[in-house]
Amino acid sequence: MTSNDDEHFADDLPLFAPGQLVRHLRYGYRGVVVDFDMRCNADDQWYASNRTRPPRDQPWYHVLVDSSSAVTYAAQTSLTVDNADQPIMHPLIERFFATFDPTRSQYERNDLAWPAVW
């Protein structure tokens, strides 16, 4: 977990945790949260190229996309919980997660740090 602010209020906390399955509201893809930032850490050029431009001042999530090798950076308002009990197929799953618990529809995150891309 990364954060820009050491101080924040409880209602500012992220809705999704590493290992949680999510679905993108607009594009419909399933994925698993690997890490998050308390606000968008992407540079201005990347943000300007984002078609939807959700507000930067909210949690943003690094998501491994199911059935692809893609990794997305999605705003909290763009995601919802995915309650499917099916694991995610992605080449980085075994690198960042120890196991998948189908009863909780969640992966157990290991201690390997997510790379800072921005």
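This is a predicted model: local features need pLDDT of at least 70, side-chain atom pairs count only at pLDDT 80 or more; totals for chains, interfaces and linings use all residues.
The strands form an open sheet of five, ordered β4-β3-β2-β1-β5, with antiparallel pairing. Its edges are β4 (71-75) and β5 (79-81), each of which pairs on one side only. From one strand to the next, the twist averages 45 degrees. Strands of a sheet pair through backbone hydrogen bonds, either parallel or antiparallel. Strand β1 (residues 21-24) and β2 run antiparallel and are joined by three bridges; Arg23 has Arg30 in β2 as its bridge partner.

Asp82 meets Arg23 through their side chains at 2.9 Å, N to O. Because Asp82 lies in the loop between β5 and α2 (93-96) and Arg23 in strand β1, this pair ties together parts 59 residues apart in sequence. Asp82 also meets Arg30 in a salt bridge, at 3.0 Å, N to O; here strand β2 is linked to the loop between β5 and α2, the two residues being 52 residues apart. Asp82 is buried, because its relative accessible area of 5% falls under 20%. Arg30 likewise counts as buried, at 12%, whereas Arg23 is partly exposed, at 31%. A network of salt bridges links Arg23, Arg30, Asp66 and Asp82.

A further salt bridge joins Arg56 and Asp44, with the closest N and O atoms 3.2 Å apart. Arg56 lies in the loop between α1 and β3 (60-65) and Asp44 in helix α1, so the pair ties together parts twelve residues apart in sequence. Arg56 is buried, with a relative accessible area of 16%, while Asp44 is exposed, at 60%.

Definitions and conventions. Residues are numbered from 1 along each chain as its sequence is written. Side-chain values use heavy atoms; hydrogens and water are left out. Two strands pair if DSSP finds at least two bridges between them. Helices (H or I, at least four residues) and strands (E, at least two) are DSSP runs, numbered from the N terminus. Axes are lines fitted to C-alpha atoms, for helices over the stretch in contact, and angles run from 0 to 180 degrees between N-to-C directions. A salt bridge is a side-chain nitrogen of Lys or Arg within 4 Å of a carboxyl oxygen of Asp or Glu. Buried means under 20% relative accessible area, exposed over 50%, partly exposed in between (1.4 Å probe, protein chains only).
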